[in-house]
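Subject: A structure for you to look at

Hi there,

Here is the structure I promised to pass on. Please have a look at it first, and then read my notes below.

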Amino acid sequence: MFNKFLIALIFIVIVVRFVWLDYAPPHLSNDEIGAAYAAYSISKTLKDGSDKSLPLLWTSHGGQGSPLAVYIPLVSIVLLGNNDFAVRLPSAILGSLTISLLGLLVRELTKNSRLALVSSFLLAFSPWHLSVSRRALETNYALFFIVLGLYLFFIGINRNKGWATLASMVAFALSIYSYYTEWVLTPLIIFSLIVFYRETVLKRKIYFVAILLLGILLLPLFSSFLHNLKSSRASSEFITQDVGVGRRLSKHPNPAVK
């Protein structure tokens, strides 16, 4: 019975996330257009729109876009051409896979197949998740890699699988490469997992190797960020960069002065 419901759920997921993907939503958003342009430019010249060769952080709306926002749709653009469907296809695929992964994660944690199916069902018809799955948005990429990282982590914990532990850190690293929010969220998740499962983590050397692997994987990203710090969105959109606030601060450097 579980397998039948799962097959039916997968069919519904495919229909609602892939049908008329290039028509609904009716047009690409600014973020989608920026990432698609950079991906298309890289596919033709190996350079983004700002003439940087295979950049990790690409120029977007006066700031730096996350790497996988470009390199994930790059594959489908190369295969299917530069069109709305090709830009959004990877997001629809990853969104659909996230639903299955969530069910697997819940079943791994609870050993309850019905609860796993309900969890997948609720995510499948979540208006938010349906919306981001039909757009090429970094939030959807990041969510997929976080859920994948959690599932692999618990496979490593519960079944003592070293390969799963290492793979979970790769997935967590990819979530950080996907979206800037994960620069804070993912380390907090990893730290929490280490604290809650410290008795197991401290006994197995594989976890120390996994953390080292995570650091090595993230080194190029943080190095590129520091190199491009002046042109990053954080520096361009800080509160003091606001025209009104900047004018007020320059006129009255001391906030107490009126």
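This is a predicted model: local features need pLDDT of at least 70, side-chain atom pairs count only at pLDDT 80 or more; totals for chains, interfaces and linings use all residues.

Let me start with the lining of the largest pocket: its residues divide into 13 nonpolar, four polar and one charged.

Residues are numbered from 1 along each chain as its sequence is written, and side-chain values use heavy atoms, with hydrogens and water left out.

**The largest pocket**

The space in the largest pocket comes to about 270 Å³. It is lined by 18 residues, of which Leu6, Ile10, Ile99, Ser100 and Ser120 are the closest to its centre. Helix 1, helix 4 (84-110) and helix 5 are the elements that give two or more residues to this lining, and helix 4 has the largest share, with eight residues.

A word on terms: on a 1 Å grid over the protein atoms alone, a pocket is an open set of points where a 1.4 Å probe fits, with protein on both sides within 12 Å along at least five of seven lines, and lining residues have an atom within 4 Å of a point. Grid points are joined across faces, edges and corners, and the volume is the space filled by probe spheres set on the points. Helices (H or I, at least four residues) and strands (E, at least two) are DSSP runs, numbered from the N terminus.

Phe11, Ile12, Val15, Val19, Trp20, Tyr23, Val118, Phe121, Leu122 and Phe125 make a nonpolar surface patch of about 1000 Å². Helix 1 (2-18) and helix 5 (113-124) each supply at least two of the patch residues. A patch here takes residues with over 30% relative accessible area and no salt bridge, and joins nonpolar side chains (Val, Leu, Ile, Met, Phe, Trp, Tyr) within 5 Å. The areas come from the Shrake-Rupley method with a 1.4 Å probe, and for residues only the protein chains shown count as cover.

Val15 lies in helix 1 and is partly exposed, at 35% relative accessibility. Trp20 sits in the loop between helix 1 and helix 2 and counts as exposed, at 64%. (Buried means under 20% relative accessible area, exposed over 50%, and partly exposed in between, with a 1.4 Å probe and protein chains only.)

**Salt bridges**

How many salt bridges are there? The count comes to five, where a salt bridge is a side-chain nitrogen of Lys or Arg within 4 Å of a carboxyl oxygen of Asp or Glu.

One of them joins Glu32 and Arg88, whose closest N and O atoms are 3.0 Å apart. This pair links distant parts of the chain, with Glu32 in helix 2 (residues 30-45) and Arg88 in helix 4, 56 residues apart. Are these two partners buried or exposed? Glu32 is buried, at 0% relative accessible area, and Arg88 is buried at 0% as well.

Glu32 also meets Arg135 in a salt bridge, at 3.4 Å from N to O. Here the partners are 103 residues apart, Arg135 being in the loop between helix 6 (127-133) and helix 7 (138-159). Arg135 is partly exposed, at 21%.

Another salt bridge is formed by Asp51 and Lys47, with 3.6 Å between the closest N and O atoms. Asp51 is exposed at 54%, whereas Lys47 is partly exposed at 29%.

Lys47 itself lies in the loop between helix 2 and strand 1 (58-60). Its C-alpha atom is 9.4 Å from that of Trp58, eleven residues away along the chain.

**Backbone details**

Ala24 and Pro25 are joined by a cis peptide bond, with omega about 0°. Pro25 is in the loop between helix 1 and helix 2.

Trp20, though not a glycine, has a positive phi of about 55°. Asn160 also has a positive phi of about 55° without being a glycine. Asn160 is found in the loop between helix 7 and helix 8 (162-178) and is exposed, at 52% relative accessibility.

Terms used. Patches are made of residues with over 30% relative accessible area and no salt bridge: like charges are joined within 9 Å, nonpolar side chains (Val, Leu, Ile, Met, Phe, Trp, Tyr) within 5 Å. Ala, Val, Leu, Ile, Met, Phe, Trp, Tyr, Cys and Pro count as nonpolar, Asp, Glu, Lys and Arg as charged, and the others, Gly among them, as polar.
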